[in-house]
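Subject: Structure handover

Hi,

Here is the structure for you to look over.

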Amino acid sequence: MAWAIVTAVVGALAVAAGAALQERRAITVPTGQVGQLRLLRHLAADPYWVLGTVLSVSGVAAHMWSLSHAPLTVVQPIGVSGLLFAVALSAFLRRRRLTWSQIGGCLAVTAGLIMLLLVLPAHVPGPAPHPDTPVLMPLLALAAMLACVGVARLGGGVTQAWALGVAGGIAYGVTSALARVIGVDALDDPASLMRPLTVVAVAIGLFGAVIVQNSYRTGHFALAYATLLISDPVAAVTIGVVFLGEALPATPVGGAAALVAAALICGGTIALARSSPPVAAQRAVTGGCGEAVPAVTRRREPGPVAGPAPETR
């Protein structure tokens, strides 16, 4: 199981780097290109976005392998560590020191993850889903995702960021739960990968990926990404306990420690997300050259024309 945890951490690093690259390019798409197919075609022509996608896919592959060798309740929360890597990577690329808020958030998330890994049962039997689970779980997830999308359509940029972040987190949590079931079965029979449940998992994952790309375009990347990182493990752990029969700490002390760990992780994630203002707010101050943490440094654009030649920053 130790290798599964290490692989999950490496996967979180790859996903974080990929998300930063994807957000950097997605935010540059002209606002008139609202169609999803046009959005994807535009992004697919961008080499940086493609590189971000390759990193994200590699990270997801590592995550899926971990799910085949460790419980969902253990592997999925490790994905939150991706925010630590994204913040550190952002500071390194911009040649800036971490702020005290970022340092405190990193320490809180790290302490929470370590505490959670210590109190959660490490050795549990393989998933034992109810016969109705492969049908009921995706239907409930799709209903919840569509409800979040509906909320996003009714609100402004902040509402869209968190609502789409929740929808994306649900999609990723369900996809991971299905991958846990499929992966464990594939260890004994690789041919079991070719079944309808795999198609359902891929479809939900792709739907969630499109939703996440739209959450990045709201101009509130930090809020969207933090919401995604919190809602993903919450959805996955809930599914693991309710639908797959995975265990939580059996003692009151263990349960209390798990709650404290969850509070540390959520609090640290929120602190990291709030370490910089939203993109829109920064644009009002910097004239359009703001940057969103934990994204990498944003490309600088030409300034307004001053005299016969454009002024560059």
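This is a predicted model: local features need pLDDT of at least 70, side-chain atom pairs count only at pLDDT 80 or more; totals for chains, interfaces and linings use all residues.

The largest pocket holds about 1,200 Å³ of space. Its lining counts 47 residues. Closest to the centre are Ser-56, Val-60, Met-64, Tyr-172 and Thr-175. Which helices supply at least two residues each of the lining? They are α1 (2-26), α3 (47-67), α8 (157-188), α9 (196-216) and α10 (221-242). By class, the lining has 30 nonpolar and 16 polar residues, with one charged residue.

**α7 and α8**

Helix α7 covers residues 133-154. Its axis and that of α8 come within 8 Å. They cross at roughly 170 degrees. An angle over 145 degrees counts as roughly antiparallel, so that is how α7 and α8 run relative to each other. The crossing is left-handed. On the α7 side, the contact uses Met-137, Ala-141, Ala-144, Met-145, Cys-148, Val-149, Val-151 and Ala-152. On the α8 side, the residues include Thr-159, Gln-160, Trp-162, Ala-163 and Leu-164. Val-166, Ala-167, Ile-170 and Ala-171 of α8 are also among them. By class, this contact has 18 nonpolar residues, two polar and no charged.

**α8 and α10**

What angle do the axes of α8 and α10 make where they cross? It is roughly 35 degrees, and the axes come within 7 Å. This crossing is right-handed. From α8, the contact includes Val-158, Ala-161, Gly-165, Gly-168, Gly-169, Tyr-172 and Gly-173. From α10 come Leu-223, Ala-224, Thr-227, Leu-228, Ser-231, Asp-232, Ala-235, Ala-236 and Ile-239. The residues of this contact divide into 14 nonpolar, six polar and one charged. Trp-162 of α8 touches α10, and Trp-162 also meets α7.

**α7 and α9**

The axes of α7 and α9 come within 11 Å and cross at roughly 10 degrees. Angles under 35 degrees count as roughly parallel, so α7 and α9 are roughly parallel to each other. The crossing is left-handed. Pro-134, Pro-138, Leu-142, Met-145, Leu-146 and Val-149 in α7 make the contact. Their partners in α9 are Leu-197, Val-200, Ile-204, Phe-207, Gly-208 and Ile-211. By class, that is eleven nonpolar residues, one polar and no charged. Met-145 and Val-149 meet α9, and both also meet α8.

Best wishes

Note on methods
Residues are numbered from 1 along each chain as its sequence is written. Side-chain values use heavy atoms; hydrogens and water are left out. On a 1 Å grid over the protein atoms alone, a cavity is a set of points where a 1.4 Å probe fits but cannot get out, and a pocket is an open set with protein on both sides within 12 Å along at least five of seven lines; lining residues have an atom within 4 Å of a point. Grid points are joined across faces, edges and corners, and a volume is the space filled by probe spheres set on the points. Helices (H or I, at least four residues) and strands (E, at least two) are DSSP runs, numbered from the N terminus. Ala, Val, Leu, Ile, Met, Phe, Trp, Tyr, Cys and Pro count as nonpolar, Asp, Glu, Lys and Arg as charged, and the others, Gly among them, as polar. Axes are lines fitted to C-alpha atoms, for helices over the stretch in contact, and angles run from 0 to 180 degrees between N-to-C directions. Angles under 35 degrees count as roughly parallel, over 145 as roughly antiparallel, 65 to 115 as roughly perpendicular and the rest as oblique. A crossing is left-handed if the near helix is turned anticlockwise from the far one by less than a right angle, and right-handed if clockwise. Contact means heavy atoms within 4.5 Å.
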